Amino acid sequence: MNWFLAKIVYRIICGEGDHTAQFDEQLRLIAASDDAEAFRKASVIGKQEEDCFYNQSEKLVQWKFVNVSELCRIAEIIDGVELYSRIEEKENGDLYAELVHKRAASLELNSSRHFLQVL
């Protein structure tokens, strides 16, 4: 059995869909014997997890499965193994780096709070 990382993409449509297009990209861990089986399993998950509900404004919100856009075989599951990589190009590199630092600080603060609650 092999492990794969699959990116499953959903389109989020609210009401009549007259808004900026929104997509949810989910990374899922899939166990399969080969690429074809991993793709099939990821597609089944994508279709099964389509959803629709009414929001607070009583507008229908739909999560429609688009497709599996990426599939990467994970050679080995070990501590620190790279699972996914994506290169970003940003107009303001300093602002992007600042945002990354703020998110990291928030994660660190929340993990410290969780640790203190456990004690």
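**Figure 1. Arg28 and its salt bridge to Glu49.** Arg28 is partly exposed in this predicted model, with a relative accessible area of 21%. Its side chain meets that of Glu49 in a salt bridge, with 2.5 Å from N to O. The pair links distant parts of the chain: Arg28 belongs to strand S2 (residues 22-32), while Glu49 lies in the loop between helix H1 (35-48) and strand S3 (51-54), 21 residues apart. Glu49 is also partly exposed, at a relative accessible area of 41%.

**Figure 2. Glu70 and Lys7 join two strands.** Here the side chains of Glu70 and Lys7 form a salt bridge, with an N to O distance of 3.1 Å. Glu70 sits in strand S4 (residues 60-74) and Lys7 in strand S1 (residues 2-14), so that the bridge links distant parts of the chain, 63 residues apart.

Figure 3. Glu98 is partly exposed, with a relative accessible area of 41%, and Lys102 is exposed at 54%. How many salt bridges does a search of the whole structure find? The search finds four.

**Figure 4. The open sheet of four strands.** Follow the strands across the sheet and you will meet them in the order S2-S1-S4-S3, with antiparallel pairing. S2 and S3 stand at the edges and have a single partner strand each, so one side of each is left without a neighbour in the sheet. On average, neighbouring strands of this sheet are turned by 25° against each other, direction ignored. Strands of a sheet pair through backbone hydrogen bonds, either parallel or antiparallel. For S1 and S2, the antiparallel pairing runs over 11 bridges.

**Figure 5. Helix H1 across the strands, with Ser43.** Helix H1 lies across S1, S2 and S4, and runs at about 165° to S4. Ser43 is a residue of this helix. Is Ser43 buried or exposed? With a relative accessibility of 10%, Ser43 counts as buried, because the cut-off is under 20%. Leaving aside residues up to four places away in sequence, Ser43 touches Phe65, Asn67 and Val68.

**Figure 6. Cysteines without a disulfide.** How many disulfides does the structure hold? The count is zero. Cys52 is in no disulfide, and the nearest cysteine sulfur, that of Cys14, is 12 Å away. Another cysteine to look for is Cys72, which is partly exposed with a relative accessible area of 32%.

How values were computed
Residues are numbered from 1 along each chain as its sequence is written. This is a predicted model: local features need pLDDT of at least 70, side-chain atom pairs count only at pLDDT 80 or more; totals for chains, interfaces and linings use all residues. Side-chain values use heavy atoms; hydrogens and water are left out. Buried means under 20% relative accessible area, exposed over 50%, partly exposed in between (1.4 Å probe, protein chains only). Two strands pair if DSSP finds at least two bridges between them. Axes are lines fitted to C-alpha atoms, for helices over the stretch in contact, and angles run from 0 to 180 degrees between N-to-C directions. Contact means heavy atoms within 4.5 Å. A disulfide is a pair of cysteine sulfur atoms within 2.5 Å.
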